[in-house]
Amino acid sequence: MADMVVVRKDGLYCVPGGFYIDPWRPVERAVITHAHGDHARAGHGHYLSAASGVNVLKSRLGQNIRIDGIEYGARIEHNGVAISLHPAGHVLGSSQVRLEHKGEVWVASGDYKVEPDRTCAPFEPVRCDTFITESTFGLPIYRWQPEQSIFDDINAWWRGNAAAGRCSVVFAYSFGKAQRILSGLDAAIGPIVCHGAVEPLNRVYRAAGVNLPPTVLVTDIDKQALRSAIVIAPPSVSGSPWMKRFGDYSDSFASGWMLLRGARRRRGVDRGFVLSDHADWPGLMTAIRATEAPRVIVTHGSIAVMVRWLRQLGLDASGFDTEYGDDEAEAAAAADGADGAEGANTPLEKTDA
Ligand SMILES: [Zn+2]
Ligand SMILES: [Zn+2]
């Protein structure tokens, strides 16, 4: 049987369906797995996403995009292909795309993680014949601690800074990572300040029913109160005049890449918190096994290593060359203007509006 999904110059293309999944160039019809910049681009004629992702996409791409949202698990038909979306556990509204045509099932994962978190629907394994998986952290060295232990570390660091009268600044991607950190903060420690790029996404999350602690903009708080505050800001403001108001602050960076000492050093921050919205190595293996797919196609990340590993497990494995970036490396790269994408083989998305 011919492949249901192939790579074209514009993106992943569903051949019988005549539509794209997360295309990197403008197309007529796009199914979007989630609203990170490298997966959700502007300029498509029509968008389809999970219902819970519609307002995130509008917030990032504009209120006027033509978009339909469908509930997780609901089926629609397009050119004889049954399309359904299933939670990917990555960020609010993220989904895996299930495609069924003439009895054959393909699933494109988008970005995913298997550890549940409080800001989005948990990853759901979907059985299929062919699974297209991401591999951002597809090396055996990547193993995450449970998120609560990372939140405990962040709160302890914040508490210590607040006791010393020093503001705490966390650099994190403004969509997804920022809200996940917020969900784990102990608001009793002090005020929580969000950068203007983060706050609009907080509103979308709260409107979707995600419980986040109260946050304020920096213009709403006086200098004295800032000394016990935690500030969540995109990495792009690191070293900018915006930071001056915080005086003698302590800074940190939250990303899976913080597992690497070199990445921490290059960030030049006081602390690195290893918190990722992508599956670690055991998570990738668990997810792949749960699909029961005999064929696996690996995209953005450690393609060669994953393909070799999966073949040793007896799977029919190969890679797709895509133009997806790496949301966590994007945030890291923006922090120091350098290429922070260890293991990434694709161009970085520079804007994090
Ligand atoms: Zn992503
Ligand atoms: Zn991605």
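Student: Is α3 mostly covered or mostly open, and how many of its residues are buried?
Tutor: Helix α3 is mostly covered, since six of its eight residues are buried, where buried means 20 or more other C-beta atoms within 10 Å of a residue's own, exposed means 12 or fewer, partly exposed lies in between, and C-beta atoms are placed from the backbone. Helices (H or I, at least four residues) and strands (E, at least two) are DSSP runs numbered from the N terminus. This is a predicted model, in which local features need pLDDT of at least 70 and side-chain atom pairs count only at pLDDT 80 or more, whereas totals for chains, interfaces and linings use all residues. Residues are numbered from 1 along each chain as its sequence is written, while chains are lettered from A and ligands numbered from 1 in the order in which they are written.

Student: Which residues of α3 are buried, and what covers them?
Tutor: The buried ones are Lys177, Ala178, Gln179, Arg180, Ile181 and Leu182, and their cover includes α2, β12, β13, α4, β14 and β15.

Student: Several of those are strands, so what order does the five-stranded sheet have?
Tutor: The order is β13-β14-β12-β15-β16, in an open sheet with parallel pairing, where two strands pair if DSSP finds at least two bridges between them. At the edges are β13 (192-194) and β16 (271-273), each pairing on one side only. As an example of the pairing, three bridges join β15 (residues 250-254) to β16, and Ser252 has Arg271 in β16 as its bridge partner.

Student: How do α2 and α3 lie on it?
Tutor: Helix α3 (residues 177-184) touches β12, β13, β14 and β15, and its direction makes about 160° with that of β14. Helix α2 lies across β12 (168-171), β14 (230-233), β15 and β16, running at about 155° to β16. Contact here means C-beta atoms, placed from the backbone, within 7 Å, and the angles, from 0 to 180 degrees, are taken between N-to-C directions of axes fitted to C-alpha atoms, for helices over the stretch in contact.

Student: Switching topic, which strands stand at the edges of the seven-stranded sheet?
Tutor: That open sheet runs β7-β8-β9-β10-β11-β17-β18 with mixed pairing. Its edge strands are β7 (75-78) and β18 (316-319), each with a single partner strand, so one side of each has no neighbour in the sheet. Within this sheet, β8 (residues 81-87) and β9 (residues 95-101) run antiparallel and are joined by six bridges, with Arg98 of β9 as the bridge partner of Ser84.

Student: Which strands does α7 lie across?
Tutor: Helix α7 (residues 281-291) lies across β10 (104-108), β11 and β17 (295-301), at about 170° to β11.

Student: What about α1 and α4, at what angle do they pack?
Tutor: Helix α1 (residues 54-61) and helix α4 (residues 199-207) pack at about 165°, with axes 10 Å apart. That makes α1 roughly antiparallel to α4, given that angles under 35 degrees count as roughly parallel, over 145 as roughly antiparallel, 65 to 115 as roughly perpendicular and the rest as oblique. The contact involves Asn55, Val56 and Ser59 of α1 with Pro200, Leu201, Val204 and Ala207 of α4.

Student: Last one: where is Tyr142, and why does Tyr142 count as buried?
Tutor: Tyr142 is in the loop between β11 (130-135) and α2 (147-163), and Tyr142 counts as buried because 24 C-beta neighbours lie inside 10 Å. Leaving out residues up to four places away in sequence, Tyr142 touches Phe137, Gly256, Leu259, Asp280 and Trp281.

Key: Two residues are in contact if their C-beta atoms, placed from the backbone, lie within 7 Å.
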